Amino acid sequence: MAKPLTFTSKVFNVERLEFGKESEQVVKGGRNLFPLLPKAFAGIKQIGVIGWGSQGPAQAQNIRESLAGTDIKVKVGLRAGSASAKQAEQAGFTQANGTLGDQFDVVKESDLVLLLISDAAQAELFGKVFELMRPGTTLGLSHGFLLGHLKNVGAKFPANINVVGVCPKGMGPSVRRLYVQGKEVNGAGINASFAVEQDIDGRATDIALGWSVALGSPYTFQTTLESEYKSDIYGERGILLGAVHGVIESLYRRFVSQGMSREEAFLNSSESITGPISKTISKQGILAVYEGLDAAGKKTFEEAYTATYPAAREVMEEIYDEVSSGNEIRGVVLAGERLKKRPMGKIDGTETWKVGAEVRKKRGQIPVHPFTAGVYIATMMAQIDVLYAHEHPGSEIANESVIECTDSLNPYMHARGVSYMIDNCSTTARLGARRWAPRFDYNITQQAYVDLDEKKPLDAKLVPAFKTHAVHAVLAACARLRPTVDIFVE
């Protein structure tokens with residue numbers, strides 16, 4: 001594990017999260033902290049939210065409501081002629097009341113600029129944004145993508161501004177939905193990480209923490225922008241989006257080939273993962289899924305787990321290499337021009353998801369299928385182990401590989417299917433899921449299932465390693481800070 005990061009705050013209480021022999025510092029959120037926000041944002045008169053994509057609507061509305069009664073303005077900046085202007089106006093951001101304007105005007109006049117335009121747009125426009133930012137102001141990012149792009153092209157952030165990151169561990173609609181639920185239950189929200197890339201005046205940490213608290217984060221943990229973009233882009237292509245899509249496609253076809261009806265195959269693959277398996281992991285941890293099986297179920301789980309882990313680990317290592325080398329970031333930038341000519345296609349047109357729509361209409365009791373659990377959890381653990389191997393912080397690993405799945409993303413797939421989940425995420429995430437889901441499907445089908453069916457020898461050490469894994473202690477510690485409500489997906 002990486003050496004723990006440390007920070008201090010002049011505004012918020014910093015607590016220590018213990019898990020086994022390791023520990024990290026966190027700041028617990030809650031609406032009781034909203035009165036501290038003016039102090040955290042001292043000297044800031046306007047927060048500019050640039051963009052209205054996945055994160056923009058949620059963050060603009062959450063921060064505005066958290067700052068109600070203060071003299072700090074939240075203003076949305078959109079490009080000229082943006083189709084999103086009407087949506088922003090419906091949310092109460094209008095030119096008439098001075099809370100909606102041209103994106104570059106808002107950048108120039110804001111003290112804290114939250115750059116939430118698409119990653120490809122950031123790569124295209126960062127130069128102009130940097131030129132317009134006034135010395136002493138703060139640039140806020142909700143993803144480390146721009147840092148990765150700057151490294152690719154040999155550029156740097158301006159030396160005369162603060163640069164911070166606050167990265168919610170969930171899609172924008174989840175950030176908004178749980179914040180709204182948190183009006184009734186204090187602390188309900190989406191966890192976030194924060195990073196300080198540049199601190200020119202000693203204010204950067206408290207500005208970042210104030211931003212996270214204003215979003216409604218139940219707790220905020222520390223990372224770096226580099227660690228964040230590597231784990232985040234990697235995680236989206238892995239178990240958060242790409243892998244779960246590929247895993248379900250592979251399981252569905254296998255179950256049908258073994259004689260299940262199409263409805264039973266979907267029930268025992270997708271429904272099992274996004275329903276009881278996810279709920280158990282969310283509230284009791286990964287190990288609880290295994291421990292809740294009977295003897296026969298445990299045997300099936302172990303066979304599926306040991307066969308799947310090597311196949312999934314192979315793809316996970318490839319993804320991490322592609323992300324850390326900058327190749328995935330280059331691919332997103334290159335896709336920007338293609339998407340102007342040809343938008344992304346749908347991803348829910350296969351038999352799997354057509355059957356799923358009918359199953360959801362008449363949903364009944366959903367089983368925890370032990371084979372499905374073994375395949376899914378093996379893929380999740382392979383992702384976790386690659387992050388540990390690259391010394392990412394424990395909280396980051398738990399959130400990017402487990403908590404975001406179960407508390408933010410999988411509930412959306414459970415409600416309306418894979419497209420509803422993936423296509424409510426960023427363009428970067430959507431592109432990555434489309435690229436890597438077939439790789440997981442292929443590798444698991446071609447390697448894991450073949451090894452099982454041909455009764456090839458499997459690595460017996462994998463199951464004991466799973467049972468004693470360090471991540472279980474991390475998840476148990478994080479669970480104590482979990483919101484007291486489950487997300488309600490409308």
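The second largest pocket is lined by 19 residues, and Pro57, Gln61, Gly172, Pro173 and Arg176 lie nearest its centre. The model is predicted: local features need pLDDT of at least 70, side-chain atom pairs count only at pLDDT 80 or more, and totals for chains, interfaces and linings use all residues. Residues are numbered from 1 along each chain as its sequence is written, and side-chain values use heavy atoms, with hydrogens and water left out.

A pocket is here an open set of points on a 1 Å grid over the protein atoms alone, with protein on both sides within 12 Å along at least five of seven lines; lining residues have an atom within 4 Å of a point. The space in the second largest pocket is about 400 Å³, where a volume is the space filled by probe spheres set on the points. Two or more lining residues come from each of α2 (56-66), α3 (85-90) and α7 (172-181), and α7 gives the largest share, five residues. Helices are DSSP runs (H or I, at least four residues) numbered from the N terminus. The lining divides into nine nonpolar, seven polar and three charged residues. In this scheme Ala, Val, Leu, Ile, Met, Phe, Trp, Tyr, Cys and Pro count as nonpolar, Asp, Glu, Lys and Arg as charged, and the others, Gly among them, as polar.

The axes of helix α13 (residues 295-324) and helix α19 (residues 427-453) come within 9 Å and cross at roughly 145°. Axes are lines fitted to C-alpha atoms over the stretch in contact, and angles run from 0 to 180 degrees between N-to-C directions. Contact (heavy atoms within 4.5 Å) involves, among others, Ala304, Ala307, Thr308 and Ala311 of α13 and Arg435, Trp436, Arg439 and Phe440 of α19. The residues of this contact comprise 12 nonpolar, three polar and six charged.

| Residue | Relative accessible area |
|---|---|
| Glutamine 103 | 9% |
| Leucine 146 | 0% |

Glutamine 103 lies in helix α4 (residues 103-109). Leaving out residues up to four places away in sequence, glutamine 103 touches Ile50, Gly77, Leu78, Arg79, Ile117 and Leu125. Leucine 146 belongs to helix α6 (residues 145-153). With the sequence neighbours up to four places away again not counted, leucine 146 touches Leu115, Gln122, Phe126, Phe130, Leu141 and Phe157. From leucine 146 to phenylalanine 157 the C-alpha to C-alpha distance is 9.5 Å, and the two are 11 residues apart in sequence.

Conventions
On a 1 Å grid over the protein atoms alone, a cavity is a set of points where a 1.4 Å probe fits but cannot get out, and a pocket is an open set with protein on both sides within 12 Å along at least five of seven lines; lining residues have an atom within 4 Å of a point. Buried means under 20% relative accessible area, exposed over 50%, partly exposed in between (1.4 Å probe, protein chains only).
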